[in-house]
Amino acid sequence: MGEDVEALKRRLPLLEYLRQHNWAGQPVGRSEFVGLCPLHEETRPSFYVNTRKNVFYCHGCGQGGDLIRFIQLSRNLSFRQSLACLDSQTTPAVGTAAVLEQAAAFYQQQLDHYPEAILYLNRRGLHDPALISELKIGYAPGGTLRRHLTAQGYSFDLLRQVGLINVNGSDAFYQRIVFPLRQGDHIVNLYGRSIGAAFAHRFLPGTKGGLYAWEKVQHCPEVILVEGLFDYVVLRQAAFHNVACSLGTHLNADQFLELCDGPRTVYLTFDVDANQSGQQAAVQLALRLSARGITARRVLLPQGHDPNSFFVEDGNTQQFQSLVEAAQP
Ligand SMILES: [Zn+2]
């Protein structure tokens, strides 16, 4: 029993638990944080967390102890009930969502400080500041995330587990435009597009979730499906609002089921590349969708184009609309 308790507390440090419950403590000194006490009403912070000892103490109400004690007090539970409650909360998903939220917010703040990132967005045809902010697009300069998140109290182990940090301790995303991928209220992954010579596309390990922006379009009778996020952004900018993105031509089971969850027409707008891989994937997907009673049409862009390059090279809304209307079964 004693050993289990220690293991539980190691899995979810007190500070991380508090952060997940929206406690906004600030660092004071090397291993201490202070903020408003979640256990009593106060206007001036007197609740201290010592991250080295993994304990709290409040100078206002005089309560103190470890994480289990905190759960007992804050939720009015017995020791055993607190343990059970904690056990269900230390599933990795909870910590992952919280740290991804912080990482995405940090990257979003960085974007405006790096002209090369803005330049890249412009080069890919993305100019609209409102859309950039709506999608919470950010920039990972590299070499700064780890320090930021550990200063906020996130453990090195958690950052490693989530994949934000490499085995050697450096940031996983380096000089990449970052799109947070959401599922409901939670960020489930980050997509990083290299603006330099590094491998173009990167995700963190784990699920990519369902279709990008599905919640926005799930009630649309007609959906334009694209394979890349830069295809998505130029279409949104060109006033197409019924667009979703599959983050590649191979749909995972969740993404496929989303498309099949009601009667609709799906316009598959994959790359028209020389090796035909985009179009082959579109044909296959169209067949699978038809078998489920979904109408699928292939939008044929000019040879060598994807929706992004189509708009970057002066294609306009009207021309793209004509291609959609001429889409093939
Ligand atoms: Zn207190």
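## The zinc site

Reading along the sequence, the zinc ion's donor residues follow the spacing C-x2-H-x17-C-x2-C. Donors here are N, O and S atoms within 2.8 Å of the metal (3.2 Å for Na, K and Ca), and water is not among the atoms, so sites may look incomplete. This is a predicted model, where local features need pLDDT of at least 70, side-chain atom pairs count only at pLDDT 80 or more, and totals for chains, interfaces and linings use all residues. Residues are numbered from 1 along each chain as its sequence is written, and side-chain values use heavy atoms, with hydrogens and water left out.

Who holds the metal? The zinc ion is coordinated by SG of C37, ND1 of H40, SG of C58 and SG of C61, at 2.1 to 2.3 Å. The angles among these four donor atoms run from 98 to 121 degrees, which makes the site tetrahedral (for four donors, all angles between 85 and 135 degrees).

C37 counts as buried because its relative accessibility is 7%, while H40, at 24%, counts as partly exposed. The cut-offs: buried is under 20% relative accessible area, exposed is over 50%, and partly exposed is in between (1.4 Å probe, protein chains only).

## The whole chain

Of the protein chain's 329 residues, 50% count as buried. Its C-alpha trace spans about 70 × 45 × 40 Å along the principal axes.

As for contacts (heavy atoms within 4.5 Å), take those with a separation of 6 or more: 57% of them in the protein chain are between residues 24 or more positions apart.

Conventions: Tetrahedral: all angles 85-135°; square planar, octahedral: opposite > 155°, others 65-115°.
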